[in-house]
Structures are given as structure tokens and as C-alpha cells.
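Hi,

Here is the structure we talked about handing over. My notes follow below it.

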Amino acid sequence: DAVGTSATTYVASAADTQGINNLGLYIPKSIRLELEERARLESPIYNGIRKLRVRGNVDVPYLYAADNAAWYVELSNTANEGQEHKAITLVGRELAKNIEITWKVDQMTPEGLIDFLVDELYEKMYKAKVTAIIYGTGVTYNQPSGITLGLVAVTTGATPIDTIADTKATLGEDAKVGAGVYVSPAVADAIRYYKNSEGNYPFLAGLPTGIVEDPYLANNDIIVGNLRNYVWNEQEEIRIDRDINMPKRTVIYGAYQVCDGGAKVGAFAYGQYTPASI
């Protein structure tokens, strides 16, 4: 008595052993690789954060605050440094999505089926993941803690550039080191089509150096910070399993991953540009 599953290792049937037909070999790893590559190309924020692959819960300790170095005269004693440490605690949060298709669709050419699955799973899995990295509440539906969690948006500034400057000004000096500026498409357009007092569009050819557009930032949102200060742990890469529903003549492709993320305290600033009313 053998059962076809998503396993990749065949198990022969025996008197006391359930046989396993390793249908998982039909689910190519290239799907997972294409998903990852597309996310890196589309989201600079996702591409820039620090990523780990550690199984189980993990604490990432870091130095939160410390005394600066000081100047001394000869033969005077050097003071001991005061240090405060914190930790980013990452647990296992489950992200999953099922795609049910008919047997007829499942009989597409291998290339066509892979393209279909990549498109569908990317829309569902990776968009949910990148959105959580930015806006995750840490509690709602067991979401990760996003970059903007707990931050109050800076809303001052007559122009997008002014709002970016005001947002960056709220960061501590250490947090400004290596900090980049990431803006939503709406803010990017407001910069591109900004017209100065002489009637010129100085940024029509491209955004100013250091300002990067990310399609996953919503509305008129702005994030400033060093992305390496956000840690994302994936306990394993996305797995894709296949399950057959005989009566309905359908196949379910299920995507699943255990992951979590969090930011260092005080490492990011959050802004929201308010367009001038006409």
C-alpha cells in the first residue's frame, strides 16, 4: 500500500511500513530560486536587510549604547566603558499559501507550469513576506515585527526632500552611519516631477543620489536607516509541496516557510510626505 506524497525519497511498502511514492521530485527547486531572485530584484529593502538561516529561535545580541572614547593626560587612569546591550529575539512564524489547480492545468508543459507557480506563489508568499518586513505588527496573525513598528511618522516638510531631511534628523548619530533613504513610488514621483522656482524639473532624469524607490512602501511613506540593522531569519527556504484531490480532480501546491524578523532599537526613522493641496 503506497501513497504518493511530496517526499523526495522513495520508501518501499512492507508488511508494517507505509510505502511512499516520492512525487516531490516533480517539484523543481528552480521555483524557489526564481522566487528569491525576483524578490531581490523588486525590493531594495528586502535585498539589503541582514538574512540568517538558523533553525529554531535565535537571539541576536547587539551593543545598544556605550560611552565614547575620551582624551586623557599622561599617567591618568582610563575610565571603564559603560555598555548597554539589547537583543533581537526571532521565533518561528508560519507563512503559508495553497494554490489549487485542476488536473488539466497541471498537465501544462513543465516550463508553463513552473512559470504559473512562480507567478502565483510570488504574488502570495513573497509579497506578504516583504510587506511584513516593512509593516509587520509583531502580533496580528502572528506577523513578524516590521521596520516601521513602534515608529511615529515624521510629517513635516514642504517638499519630499524636506520631509526626508526632517526624517533623517530624528536618527541618532550612530544610526545615521550607512543609512539609506527608501521611498514609496508616490514619493519618488513627487521628487521626479518637482518643479523649482525657475520652472525646471531638476530630478526628471533620476532620483537624487542616495534615494531609492521601493514598490513595497505604501502611500507617501519614507524609511531612513541602515538596512543591515534589520535581521531576518528563515529557518528554511520556502518549501513547496504537492497534494492530489482525487474526487475533485485537482492538485494543491502548498507553499510554506517558518521565518521572523526584527529591527535594532532606534536604527530606523519613518516619514510620510504630505503633498501640498492644490
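**What was found**

The accessible surface of the protein chain is about 15900 Å², and carbon and sulfur atoms hold 52% of that. Areas come from the Shrake-Rupley method with a 1.4 Å probe; for residues, only the protein chains shown count as cover.

This is a predicted model: local features need pLDDT of at least 70, side-chain atom pairs count only at pLDDT 80 or more, and totals for chains, interfaces and linings use all residues. Residues are numbered from 1 along each chain as its sequence is written, and side-chain values use heavy atoms, with hydrogens and water left out.

The chain has 278 residues, 36% of them buried (under 20% relative accessible area, 1.4 Å probe, protein chains only). Take contacts (heavy atoms within 4.5 Å) between residues at least 6 apart in sequence: 70% join residues at least 24 apart.

Secondary structure: seven helices and 13 strands. These are DSSP runs, numbered from the N terminus: helices are H or I with at least four residues, strands are E with at least two.

Pairing needs at least two DSSP bridges between two strands.

S9 (residues 221-225) pairs antiparallel with S13 over five bridges. Gly225 has Phe268 of S13 as its bridge partner.

Best wishes

Technical notes
Buried < 20%, exposed > 50% of the residue type's maximum accessible area, 1.4 Å probe, protein only.
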